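Dear colleague,

Please read the notes with the model open beside them.

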Amino acid sequence: MTQHPRLGTSIERALEVLADGGLVAIPTETVYGLAADALDPEAVNKIFAAKGRPADHPLIVHLAKAEQLAAWASEVPPSAAVLADACWPGPLTVLVPRAPHVLDVVTGGRPTVGIRVPAHPLATELLTRFGGGLAAPSANRFGRVSPTTAEHVAADLGDDVDYILDGGPCPVGVESTIVDCTTSPAQVLRPGGVPTEQVEALLQGALAAASGPSRAAGMLASHYAPRARVVLADTPIVAQELLAQHADAVLIDGTADLVTYARDLYALLRAADRAGTSTVIAVMPPAAGLGHAIRDRLSKAAAPTDG
Ligand code: TXA
Ligand code: MG
């Protein structure tokens, strides 16, 4: 495979592109993001065009440091302060009431903004030198599997991204946990890299189930989908039975080690597609720790698409 002409490790180049109103794919500890200056509406609009993402789906604003949160919020709810203090930098996004200057194109016109401080040395360096906020969704085409390597981004977005900052494979592999801190009690809208149990412990049990229709777009029933049909198995034994019934099926079972399962999940789904596999049989992990996020993504990958 020939290397993408705009793929490299130059922070300088990434900063130039951002200053010019362009798009940079950035490595984070969860998945790669497709970033633009969060205060530049034209740049942010390019993200929606590149991804093919509906305009009313809000974007997460990425910051270098937890201390910057207050500048993007009209008010920092106590739950957000506790979570930011304990989990940042790290795979957690808090929804807070937006500050007046936060763009409608970033929040989808909502009164809240999602903020996160990623834990990846290149992202931290870029954000620190950039100084502002970077609006970034996962750097995949809408509805597809998120990219966990720079090569995944290049394969998905090609020329629609101006520069891809290559930070190697993402160590967590599933997206951030999204907590809506504007409700009382707070709600986990998307399970992710910080286990729900940890959020619950930090908030001393004050956590409600997500309510309301599609609070986050990642909550659509079908999302994170490979081209192959994904069939879920509750146990490795059931998976073996299913394997025997499907001629060219591929088995994904990382239940022995959930950290590795999360890290490798999207790359395995992409590899199955590259190999032309028609069916992926995936073993569901228990609903604990990273298992919440893996179960969520596998269920969405297995859900039928609407068209
Ligand atoms: O780990 C991650 O969170 C990655 C990396 C790149 O940071 N980002 C990511 O972004 O997964 P995205 O856009 O693919 O998923 C973010 C989800 C979307 O479903 C979006 O609708 C929701 O968060 N979201 C963002 N801001 C929101 C807001 N103010 N209110 C409700 N949902 C929001
Ligand atoms: Mg996404």
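Contact, as I use the word below, means heavy atoms within 4.5 Å of each other. Axes are lines fitted to C-alpha atoms, for helices over the stretch in contact, and the angles between N-to-C directions run from 0 to 180 degrees. Helices (H or I, at least four residues) and strands (E, at least two) are DSSP runs, numbered from the N terminus.

Please keep in mind that this is a predicted model, in which local features need pLDDT of at least 70 and side-chain atom pairs count only at pLDDT 80 or more, while totals for chains, interfaces and linings use all residues. Residues are numbered from 1 along each chain as its sequence is written, chains are lettered from A and ligands numbered from 1 in the order in which they are written, and side-chain values use heavy atoms, with hydrogens and water left out.

The sheet

The model has an open sheet of 11 strands with mixed pairing, in the order β1-β8-β2-β3-β7-β4-β6-β5-β9-β10-β11, where two strands count as paired if DSSP finds at least two bridges between them. Its edge strands are β1 (7-8) and β11 (207-208), each of which pairs on one side only. Strand β1 runs parallel to β8, to which two bridges connect it, and G8 faces L165 of β8.

Strand β3 (residues 33-37) has five of its five residues buried, where buried means under 20% relative accessible area, exposed means over 50%, and partly exposed lies in between (1.4 Å probe, protein chains only). With β2 (residues 24-26) the strand β3 pairs in the antiparallel sense over three bridges, the two forming a hairpin with six residues between them, and A25 stands opposite L34. Strand β3 is also joined, by two bridges and again antiparallel, to β7 (residues 134-136), where L134 is the bridge partner of D37.

Strand β5 is likewise mostly covered, six of its six residues being buried. It pairs in the parallel sense with β9 over four bridges and is joined to β6 (residues 112-116) by four bridges in the antiparallel sense. L95 takes part in both pairings, with D180 as its bridge partner in β9 and G114 opposite it in β6.

Helix α7 lies across β1, β2, β3 and β8, and runs at about 160° to β8.

In helix α1 (residues 11-19), the buried residues are I11, A14, L15, V17 and L18. They lie on the same side of α1, because they cover an arc of only 160° around the axis, the arc being that of the directions from the helix axis to the C-beta atoms. These buried residues pack against β2, β3, α6 (121-130), β7 and β8. After α1 comes G21, which has a positive phi, near 80°.

Salt bridges

There are 10 salt bridges in the structure, a salt bridge being a side-chain nitrogen of Lys or Arg within 4 Å of a carboxyl oxygen of Asp or Glu. One of them joins R141 to D160, with the closest N and O atoms 3.2 Å apart. This pair links distant parts of the chain, since R141 lies in the loop between β7 and α7 (150-157) and D160 in the loop between α7 and β8 (163-165), 19 residues apart. R141 is partly exposed at 29% relative accessible area, and D160 is partly exposed at 38%.

A second salt bridge brings together the side chains of R297 and E175 (2.8 Å, N to O). R297 lies in helix α11 (residues 291-302) and E175 in the loop between β8 and β9 (177-180), so this pair ties together parts that are 122 residues apart in sequence. R297 is buried, with 1% relative accessible area, and E175 is buried as well, with 3%.

The side chains of K300 and D296 also meet in a salt bridge (2.7 Å, N to O). Both residues are buried, and they are separated by about one helical turn because they are four residues apart in helix α11. E175, D296, R297 and K300 are linked in a network of salt bridges.

With best wishes
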